[in-house]
Amino acid sequence: MGKRVMVAVIGVPILLAFLFLLPPVWLTVMVSVLSMVAVHEVLWSTGCVKHALTSVCSVALAGVIPFWVYYDGRPLPALFGLFIYVLLLFLAAMNSHKTVTLEKMGSAFFVSVMIPFFLSSFLRIRRLDQGIYFLILPFVAAFLSDAFALFAGMLFGKHKLAPELSPKKTVEGAVGGVFGAVLGCLVFGLVLAFGYEMTPNYLHLVIYGILGSIVSQIGDLSFSYIKREYGIKDFGNIFPGHGGVLDRFDSVIFCAPLIELLLRYFPVV
């Protein structure tokens, strides 16, 4: 627990600096680095791809996608990049067909596109009207859902939620996670109202909290499924007490695109 607290004490100010204090391009740098590390973690920890060329190309693609979102976002550059990537994947497979199978190529393609594109929701949120105020929302919903689920599960947990995927998770913990995310989103609304003189829609914020918690827990269980499938405990060890980037940001990866969609169709203010 002490290591987890220390990571939070150091990590939260750094995260807030990238979100609010540094120029927008630095947020892109952060998303790019997190995406590259996450893709490397999942490919190597699961053993899906330990072929050098395939791994390097996959990590490079994950690093480029956030900059594509930030600078351009048009289909032609995306087509060019994906064409080169797929071409290199097949060249690697033909050169090492016994180690680079179609299944491994598919896994590499999936995580190399999904993880950075979902995390790039932060860049698209930043571009929305008053979007800088809402960059913290995916973290509020995901992290408070995680925290409240943990404590509710420890205090009240009796009924297993998904014992084969995550034996410690309980139905009571999941309900506590929803409560925590809703509470966090409502507090966020009060900060907007009293700190920035905005008029938030509290009903929408309740929806953000409920859906954000549900999707965050699905994200957590989704990556737990991958870990159980390959018999690993953590994807990495970059964050002491937490594991790797994927172990810490698994819920955020799913929550960020949801919050982006909600902001577009059910705005907070």
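Student: Is Arg124 buried or exposed?

Tutor: Arg124 counts as buried, because its relative accessibility is 14%; buried means under 20% relative accessible area, exposed over 50% and partly exposed in between, with a 1.4 Å probe and protein chains only. Before going on: this is a predicted model, where local features need pLDDT of at least 70, side-chain atom pairs count only at pLDDT 80 or more, and totals for chains, interfaces and linings use all residues. Residues are numbered from 1 along each chain as its sequence is written, and side-chain values use heavy atoms, with hydrogens and water left out.

Student: Where is Arg124, and what does Arg124 contact?

Tutor: Arg124 sits in helix H6 (residues 121-127); helices (H or I, at least four residues) and strands (E, at least two) are DSSP runs numbered from the N terminus. Apart from neighbours within four places in sequence, Arg124 is in contact (heavy atoms within 4.5 Å) with Val69, Phe117, Phe118, Glu260 and Arg264.

Student: And Ser121, buried or exposed?

Tutor: Ser121 counts as buried, at 0% relative accessibility. Ser121 is also in helix H6, and its contacts, leaving aside neighbours within four places in sequence, are Ala256, Pro257 and Glu260.

Student: Switching to helix packing. What is the angle between H3 and H4?

Tutor: Helix H3 (residues 52-71) and helix H4 (residues 75-95) pack at about 170°, and their axes are 10 Å apart. Axes here are lines fitted to C-alpha atoms, for helices over the stretch in contact, and angles run from 0 to 180 degrees between N-to-C directions. H3 and H4 are therefore roughly antiparallel to each other, a label for angles over 145 degrees; under 35 is roughly parallel, 65 to 115 roughly perpendicular, and the rest oblique.

Student: Which residues meet there?

Tutor: From H3, Leu53, Thr54, Cys57, Ser58, Leu61 and Trp68; from H4, Pro77, Ala78, Leu82, Tyr85, Leu88, Leu89 and Ala92. By class, the contact of H3 with H4 has 11 nonpolar, two polar and no charged residues. Ala, Val, Leu, Ile, Met, Phe, Trp, Tyr, Cys and Pro count as nonpolar, Asp, Glu, Lys and Arg as charged, and the others, Gly among them, as polar.

Student: How many cavities of 30 Å³ or more?

Tutor: One. The largest cavity has a volume of about 30 Å³. A cavity is a set of points, on a 1 Å grid over the protein atoms alone, where a 1.4 Å probe fits but cannot get out, and lining residues have an atom within 4 Å of a point. Grid points are joined across faces, edges and corners, and the volume is the space filled by probe spheres set on the points.

Student: What lines the largest cavity?

Tutor: Met30, Val31, Leu34, Leu119, Phe122, Phe139 and Phe249. That lining divides into seven nonpolar, no polar and no charged residues. Helix H2 (residues 24-45) gives the largest share, three residues.

Student: Last topic, backbone. What is phi of Gln130 and of Glu197?

Tutor: Phi of Gln130 is near 60°, and phi of Glu197 is near 55°. Most residues other than glycine have a negative phi.

Student: Where are Gln130 and Glu197?

Tutor: Gln130 is in the loop between H6 and helix H7 (137-156), and Glu197 is in the loop between helix H8 (171-195) and helix H9 (202-230). Gln130 is partly exposed, with a relative accessible area of 34%, whereas Glu197 counts as exposed at 73% relative accessibility.

Key:
1 Å grid on protein atoms, 1.4 Å probe; cavity = no way out; pocket = protein on both sides within 12 Å on 5 of 7 lines; lining within 4 Å.
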